[in-house]
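Please read the following report with the sequence and the structure side by side, and look up each residue as it is named.

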Amino acid sequence: MKGYGMIEIGKPGWLDNPRPVCGPLDALVRPTIVAPCSSDTHVMHGGNGPKFNLILGHEAVGEVVEVGELVTKFKPGDFVVVPCCTPDWNELGVQNFKSFSHDVGMLKSFKFLGAKDGVFGEVFHVNFADANLAPLLEGVSPEAALLTVDMMSTGFHGVEQAEIEYGDKVVVIGIGPVGLMAVAGAALAGAGQIIAVGTRPNCRKVATEYGATDLISYKDGDIVEKVHELTGGGSNKTIIAGGDKTTFTQAVAMTKEMGIISNVNFFDVTDVLSMPAYLWGLGMAHKDIRGGFCPGGAERIIRMQELIKHGRVDTTKLITHTFKGFDKIEDAFLMMDQKPADLIKPVVYTD
Ligand code: NDP
Ligand code: ZN
């Protein structure tokens with residue numbers, strides 16, 4: 001089976017891997033629209049340790065081609081939206097943790113990113129299909145739905161972790177597609193001031209459309225100082241959706257006492273995150289530091305679609321580049337890796 005991914009660290013390419021096997025609770029899906037994610041390129045560059053001959057991709061809508069004998073809700077031919085995070089629902093980790101992200105251990109619910117071949121194959125495997133496949137809601141376009149499975153779900157998770165309250169002063173560091181969704185989510189959740197940090201002109205424009213009240217650039221002076229100035233003393237909530245290990249320290253520094261720092265950024269496997277103790281009130285500032293990734297399962301993706309269906313958010317503002325044809329996954333992936341200045345998110349229609 002043909003698929004696009006990483007041959008080894010730093011070497012993306014086409015692969016010929018075995019077609020996945022469909023277990024009794026599983027489904028095989030043929031992707032009809034896919035999108036590359038920054039996390040795919042991050043893994044390709046070794047951000048998640050060594051991987052070989054691995055098909056990448058974890059954002060897809062598609063057509064079911066096979067289901068296991070115990071699957072009751074879906075059948076071949078059904079059109080489905082596939083959450084990027086697909087827990088094994090019989091595991092204790094998903095019964096104990098609210099986020100469903102850690103079924104058999106830390107981050108283990110994210111099957112597509114490293115544990116098995118991802119969605120850039122001719123077909124891909126979905127475990128626990130009845131719980132992990134969502135129908136496409138009427139009134140939601142397939143491309144709008146595609147952007148719920150990771151970008152919206154992750155950006156909104158940044159907002160959920162931040163526990164935004166009415167009138168909060170919020171900073172979103174990084175306004176790629178994930179951060180932009182965090183801006184939209186923060187506005188929906190009742191934030192007052194929303195300061196967005198990023199430089200790409202398209203992203204800045206969409207950030208404003210989603211509700212950012214101030215835009216700042218990390219390339220133009222100290223963002224901590226800028227945030228203190230704009231907020232008159234610091235943010236209540238800071239969402240990290242981009243940047244590097246120094247961004248973490250900056251986020252702690254710009255957040256006020258009693259605030260929450262909510263990270264959804266993918267740091268590197270070799271990064272050491274640190275901060276001077278005084279930024280954390282010598283350990284007593286009640287500044288809550290949280291980090292998580294988007295929770296899995298169908299219900300969440302149905303709820304994300306509800307927000308689109310009822311006009312609360314338009315995810316398609318993120319789409320800046322469209323490709324047609326399965327082979328174009330390569331172009332979209334390389335574009336995501338190189339991040340040209342006009343890029344927010346590329347999508348690929350495989351047919
Ligand atoms: P992008 O690369 O498109 O966007 C990153 C943003 O961060 C851009 O706005 C960029 O600015 C900004 N940025 C870069 N460097 C700095 C810096 N030093 N200080 C402040 N801002 C900076 O990423 P995505 O939106 O696609 O993804 C964001 C992160 O979320 C990635 O790390 C990705 O791997 C992760 N992710 C995590 C998931 C989860 O479940 N936790 C799921 C999906 C993604 P500029 O405008 O200049 O480019
Ligand atoms: Zn992703």
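A backbone N or O atom of Gly176 lies 3.3 Å from an oxygen atom of ligand 1, which is a polar contact in the sense used here, namely a pair of N or O atoms within 3.5 Å, where within protein one atom must be able to donate a hydrogen and the other to accept it, and residues adjacent in sequence count only if both atoms are side-chain atoms. Taken alone, ligand 1 exposes 950 Å², and the protein buries 88% of that, the areas coming from the Shrake-Rupley method with a 1.4 Å probe, with only the protein chains shown counting as cover for residues. The elements that give two or more residues to the shell around ligand 1 are α1 (38-44), α5 and α6 (177-189); such helices (H or I, at least four residues), like strands (E, at least two), are DSSP runs numbered from the N terminus.

This is a predicted model, in which local features need pLDDT of at least 70 and side-chain atom pairs count only at pLDDT 80 or more, while totals for chains, interfaces and linings use all residues. Residues are numbered from 1 along each chain as its sequence is written, chains are lettered from A and ligands numbered from 1 in the order in which they are written, and side-chain values use heavy atoms, with hydrogens and water left out.

**Around the ligand**

Which residues come nearest to ligand 1? Of the 26 residues around it, these are Ser38, Thr199, Tyr218, Asn265 and Phe293, where a residue is counted as near if one of its heavy atoms lies within 4 Å of the molecule.

Ser39 has its place in helix α1, and it counts as buried because its relative accessible area is 16%; buried means under 20% relative accessible area, exposed over 50%, and partly exposed in between (1.4 Å probe, protein chains only). Apart from residues up to four places away in sequence, Ser39 touches His58, Leu113 and Phe266, a contact being heavy atoms within 4.5 Å.

His157 lies in helix α5, which covers residues 148-162. With a relative accessible area of 9%, His157 is buried as well, and its side chain makes a polar contact of 3.1 Å with the side chain of Glu160. When neighbours within four places in sequence are left aside, the residues in contact with His157 are Ser262, Val264, Gly292, Phe293, Cys294, Pro295 and Arg300.

**A covered helix**

Helix α9 (residues 245-254) is mostly covered, since 7 of its 10 residues are buried. These buried residues are Thr247, Phe248, Thr249, Ala251, Val252, Ala253 and Met254, and what covers them includes β9 (170-173), α8 (223-231), β12 (235-240), β13 and β14.

**Residues in loops**

The loop between α2 (92-96) and β7 (124-126) holds Ser109. Is Ser109 buried or exposed? Its relative accessible area is 0%, and therefore Ser109 counts as buried. A polar atom of the Ser109 side chain lies 3.2 Å from the backbone nitrogen of His102, and His102 is also one of the residues that Ser109 touches, among them Cys85, Thr86 and Pro87. Leu107 lies in the loop between α2 and β7 too, but it counts as partly exposed at 46% relative accessibility, and its phi is near 65°, a positive value in a residue other than glycine.

Phe128 is placed in the loop between β7 and α3 (129-132). Its phi is near 45°, again positive in a residue other than glycine, and Phe128 counts as buried because its relative accessibility is 18%.

Phe326, in the loop between β15 (319-324) and α11 (329-338), is buried at 14% relative accessibility. Phe326 and Phe120 are 206 residues apart in sequence, yet 8.5 Å apart in space, C-alpha to C-alpha, and Phe120 is among the contacts of Phe326, which also include Lys2, Trp14 and Tyr349.

Leu282, finally, lies in the loop between β13 (255-263) and β14 (288-291), and at 60% relative accessibility Leu282 counts as exposed.
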